[in-house]
Each structure stands twice: as C-alpha cells, then as structure tokens.
Amino acid sequence: MPIIEVDSLVKEFHRPKRFEGPLGGVRTLLTRDYETTRAVDGVSFAIDEGELIGYLGANGAGKSTTIKMLSGILVPTSGTVRVDGIVPWEQREQNALRIGVVFGQRTQLWWDLPLGDSLKLIGKLYRLDSVRYTRNFNRLVALLGLDEFLDRPVRQLSLGQRMRGDLAAAMLYEPRILYLDEPTVGLDVVAKERTRQFVEEINRDAGTTIMLTTHDLADVERLCKRIIFISKGTVLFDGSVTELKRRYAPYRQLEVTLDPGDGVGDAIVDLDIDGAEVIARDEGRLAIRFDPAVVAVPDLISAVIARHPVTDISIVEPDLEGVVRQIVERGGMP
Ligand SMILES: Nc1ncnc2c1ncn2[C@@H]1O[C@H](COP(=O)(O)OP(=O)(O)O)[C@@H](O)[C@H]1O
Ligand SMILES: [Mg+2]
C-alpha cells in the first residue's frame with residue numbers, strides 16, 4: 001500500500017476578470033465574470049513509504065498547489081488524496097501529526113520568538129512528553145547545528161539559519177511524511193549543501209517519506225531516484241532520473257581537444273554527419289552534440305580524427321539540467 005495516493009486531482013482558482021483602460025478598475029469591481037486557472041489538472045501518482053520524490057516543473061506548473069492539497073491547506077476542486085490512510089483536509093488533526101511541511105518562501109516559526117522557544121511551543125502543540133521532546137530536540141540541534149542561534153528571534157536569522165530552524169520544527173514530532181516546497185531557494189552553496197545533507201539523512205535514517213519540490217536540479221540529481229515532472233498542471237513524466245535522461249534526452253556530447261599544431265582556427269567548421277552537430281568551439285576545443293541512435297560513437301570519432309589531429313576526446317553524459325534544457329528547447333516532451 002502506498003503511503004500517498006493521488007487520483008485525478010484538480011484545483012481551479014477563480015478570480016474576477018480584470019479590465020484594462022479607462023474605468024477598467026470600476027468594471028473589474030462590478031463584473032461578474034471570472035477567470036479560471038486550472039493550477040492542477042488531473043494529477044495522479046502513488047508514493048511508497050520511505051521514498052524521496054522530486055516534484056519538478058517550471059514556475060507556475062502547479063507544484064505548490066499540489067503540495068498544499070496533499071498537506072490539507074487547500075481543498076481540491078475534484079479528485080482524491082489519501083495520505084497515510086486519511087483525507088488531509090478532512091481529518092486535519094490526525095493529518096497534522098503525520099506530516100511536516102516546509103515552504104522555502106515563508107517560515108512556519110514565530111517571527112518574534114527566539115528559535116528555541118518556537119521549538120518548545122511546537123513540542124507543546126504536538127503534546128510531546130519531555131523525554132521524547134528532549135531526545136528529538138537534541139538530535140535536531142546537533143544535526144542542523146542550531147546551537148549558535150537558538151536564543152535569537154527568528155526575525156534576526158539569516159535565510160539559511162531560518163531554513164534550518166524550519167526543518168527542525170517540521171521534524172520535531174517525527175512525522176512519517178515531509179513535504180518540502182523549494183527548501184533551497186535563495187540559499188548560498190554551503191546552506192544548500194547542509195539542507196541536502198539533512199534531507200538525505202532523515203530519509204535514510206528515519207525512513208521519512210519525502211516529497212521535494214525544487215527549481216534546483218542539482219537538488220534532484222543529488223537526492224532523488226524518482227521524479228515526477230509536471231507542466232501546466234499535468235504529469236509529463238513519472239519515473240527514475242536515469243529513465244528520463246534515456247527517453248527524453250538521447251543526445252550525448254563529444255568533447256574534442258584539437259592538436260594545436262596547425263590551422264586549428266579553421267578546423268571542422270561543419271562535420272556534415274547525420275545526427276551530429278558542432279555546438280561550441282573555442283581555443284582548439286570542440287563540443288559536438290550527437291544522437292547515439294543515429295551515429296555510432298566510433299564512426300563519429302574517426303570522422304573527427306580524419307579532419308584534424310586531436311590530442312584528447314571524451315564523451316559527456318547529459319546532466320539533469322541539460323536534459324531539462326533539451327526538453328524545453330523542443331517545446332515539451334514527445
Ligand atoms: N491563490 C491563488 N489564486 C489564483 N491563482 C493561483 C493561486 N495560487 C496559485 N495560482 C496559480 O496557479 C498556477 C500554479 O501555481 P503554483 O502551484 O504556485 O505553481 P508552482 O509552485 O509550480 O510555481 C499559477 O498559474 C498560479 O498563478
Ligand atoms: Mg511554488
């Protein structure tokens with residue numbers, strides 16, 4: 001039995017239609033016309049306990065709206081959601097015990113309270129006994145390095161410190177499921193890495209099921225075996241990162257260092273080989289993008305060598321960033 005089951009989930013938002021021009025504001029106020037946005041348009045998936053899922057998509061794809069329905073903050077227009085056997089927006093209290101939620105854009109903590117007091121309050125709200133509270137508190141303080149700023153009001157924390165505080169707050173009562181909505185947004189490299197490490201550890205050690213939305217494909221490449229890719233509110237791909245690369249981004253890149261001996265400047269302007277294309281060249285280096293299904297690697301290499309002496313040659317696998325760029329360049333997945 002999956003721990004999260006989502007079937008044909010839809011969320012529409014209605015807004016009064018806006019009018020431009022003279023008296024546009026008045027017309028906007030008086031009109032009964034509404035504009036409908038289908039933020040989530042028939043999404044289905046199932047997630048097993050202990051999985052760490054990357055929920056990806058461009059800005060406005062419907063990621064946050066999905067997370068809000070899964071966590072019980074929003075009620076869907078239609079469709080069903082079951083999380084650990086319950087309907088999140090109907091059984092709010094039971095739901096709250098099972099899940100932790102972190103939104104990168106805003107904190108769940110009390111702005112004016114010292115971080116330590118915020119955590120204490122959450123312990124009370126979730127009725128943790130003192131043994132369990134102390135054990136979890138100490139573990140999270142150590143894991144996230146909260147010591148140095150526990151007594152500072154949340155408002156005075158840096159974004160990275162605040163994020164660590166939010167992660168501690170979400171995990172204090174040991175939820176079985178953790179939703180992270182853009183947890184690394186705006187963080188510097190060190191803070192990003194720290195967040196990733198924490199996510200990895202609680203997934204591995206506590207077995208927490210994690211759903212992570214992010215723009216940062218490095219997060220996904222580093223953390224997630226499986227991704228769900230959405231666009232305009234529908235699922236385009238659900239599977240492993242490897243499978244995504246294989247199916248949707250067949251291209252590989254051949255990187256060639258030319259022998260500087262003679263006439264490098266004019267070397268290999270056009271390869272004239274089906275399935276291969278020079279995509280970058282500078283200072284005696286060439287990058288050739290090719291489709292291994294169209295041109296065999298040995299043929300490509302001998303064609304290059306026949307045109308110009310080379311000193312080095314290597315094949316680069318696309319990273320996730322490159323895959324997504326290829327998909328976007330082609331205007332979506334086939
Ligand atoms: N409260 C709201 N009212 C109206 N439209 C909304 C609301 N929340 C989100 N939307 C719209 O729904 C779409 C999906 O938004 P969102 O789920 O936030 O996307 P993502 O998190 O993938 O960037 C966007 O077009 C957004 O403008
Ligand atoms: Mg969002």
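In this predicted model, R127 sits in the loop between helix 4 (115-125) and helix 5 (130-144). As background, most residues other than glycine have a negative phi. Is R127 buried or exposed? R127 counts as exposed, because it has 10 C-beta neighbours inside 10 Å and the cut-off for exposed is 12 or fewer.

S8 also has a positive phi, of about 50°, and is not a glycine either. Its setting is strand 1. S8 is exposed because 12 other C-beta atoms lie within 10 Å, and 12 or fewer is what that class requires.

Here are the two residues side by side:

| Residue | Phi | Location | C-beta atoms within 10 Å |
|---|---|---|---|
| S8 | about 50° | strand 1 | 12 |

Now for the ligand. Which residues surround ligand 1? The shell is made of F13, R15, T37, A39, G57, N59, G60, A61, G62, K63, S64 and T65. Strand 1 (4-16), strand 2 (34-47) and helix 2 (63-70) are the elements that each give two or more residues to this shell. Helix 2 supplies the largest share, three residues. Sorted by class, the shell around ligand 1 holds seven polar, three nonpolar and two charged residues.

Methods
Residues numbered from 1 in each chain as written. Chains lettered and ligands numbered in written order. Predicted model: local features only at pLDDT ≥ 70, side-chain atom pairs only at ≥ 80, totals over all residues. Near = placed C-beta within 6 Å. Helix = DSSP H or I, 4+ residues; strand = E, 2+ residues; numbered from the N terminus. Nonpolar A, V, L, I, M, F, W, Y, C, P; charged D, E, K, R; others polar. Buried ≥ 20, exposed ≤ 12 C-beta atoms within 10 Å, placed from the backbone.
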